[in-house]
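I opened this notebook to record what I looked up about how the parts of one structure meet.

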Amino acid sequence: MSQQLGIIVMVDVEAALKANTLKGNTYLFDNMKLQGSEGLGTDKLISAIHGSSYIDGSQANEQVLNWLPYGVGSLPPTLPKSFLADKSKNSDLKALEDIKALADKITSTDTDEFTNVDDVIEELKRISKSTGIKTQVQDKYSDTTRDLGTSGQKIMDVTGELISASKDKIPEINSLNPLITDISGEAVDKKIIYPAAYGSPDMVTDGWYWAASVDTSTPGTYAYTMDIQLYKLIWSDGVWTWIPVHMKCEAYIKISNDQKKNGFTNAGVGYLPIPIA
Amino acid sequence: MATKTSATPKSEPQVIPTPTKTITIASVVDVVGILATDSLAGQVYFMDTNKAEGSTGQGTENLRTVVSAGYRLVWTVIFLECEAYAAIDEIIIDPEYCEPEKKVYEGTDVSYWMGTVKKDITSPVPYTVKFKVGTRDESIPTASPLYLIGKGS
């Protein structure tokens, strides 16, 4: 199996949207620190990629890079990808149950708690608030909007709670993760990496991720540019709408003739440590 | 000439008070790096969503988060390899200022930690985060402290 290297793109979405730039608002990481990657935790990552042989002299197989973008204030990527949709749908079902319970209380002869119209209105308001706020998403290429998800997903904070905050507070909510929409630049133009978006059943990546195989036969440092799509939540035409905002972020790969090695054993990649008897 | 009619006023969004300002403190964990070195030193990075108020050390293991009394802090975990496992096991901090608790996202076994800043901070309050990593039994503490900083201190 080819060696899979991961590059994490953490974006402070709120700060990036305010400053209208990813510069200073992006933190890049990879799992190649042991190989000599530099700039982890900054917006100037140089990913170290070792050459085409293992430390035992055998020819290595291809090097694969995987990019995963996340928001600093977004829901963790380890949550099932249906989490937001399920929660939105469940809140609607719960509201229907509450309305049925209210109807039962009104028609019940045992209590006079809900015979007053004001009390009924208060209860209906409480039920209405508990359903959260639906959102729409604007198309990337036009001003048209549509429901987010199959049933119009709702605004959720980082703890997974549906919220119905004031107009001032809601734009601080960034429950949607950033997306990479393209990878281009020097490393692509010079045919050093061959990036593409791949589909996957992996729930962590929400089904799509960018990956590239690397031509390790040409050592050197090469820049590449990620097109990143953030979502800004705004109140527009009577609905909360996620507006796509496009920004760019540059990073580097540094290919060397150094040999690949296993971080545990310092031997070939395929060998695992032997337990101490 | 056609008379321009005003559109039906759009209804304002409903207003429900939210708790207080929420700051997310996200950690990125290199699980393989930790298991290889048996330490968190240089293998975990923290960043928060409060750079606007002056948080510093973003993207390092020595994050200094600016807070005020009443702020809700939420700690989350992301790992470099999606097949790996890491989770916060404990957050050790002076309970006079904050008592973070483990919470679980509804209907999942994915955890986060949450605590409210009890009072304004005049001098930096250090804290330590312990992580459970992979199948290792013992959790591992951060090698150097993180801090909560008072606004303007």
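How much area do chain B and chain A bury between them? I noted that this is a predicted model, in which local features need pLDDT of at least 70, side-chain atom pairs count only at pLDDT 80 or more, and totals for chains, interfaces and linings use all residues. Residues are numbered from 1 along each chain as its sequence is written, chains are lettered from A in the order in which they are written, and side-chain values use heavy atoms, without hydrogens and water.

**Chain B and chain A**

I found about 3700 Å² buried between chain B and chain A, with 66% of it on carbon and sulfur atoms; buried area is the accessible area (1.4 Å probe) lost by two parts on being put together, summed over both. I then looked up the contact (heavy atoms within 4.5 Å), and it joins 40 residues of chain B to 45 residues of chain A. The rule finds 1 salt bridge here, a side-chain nitrogen of Lys or Arg within 4 Å of a carboxyl oxygen of Asp or Glu, and I traced it to R72(B) and D157(A), at 2.9 Å from N to O.

**Within chain A**

I read that chain A is divided into domain 1 (3-74 + 175-255) and domain 2 (83-172), with bounds from an automatic or database domain assignment. The contact takes 17 residues from domain 1 of chain A and 18 residues from domain 2 of chain A.
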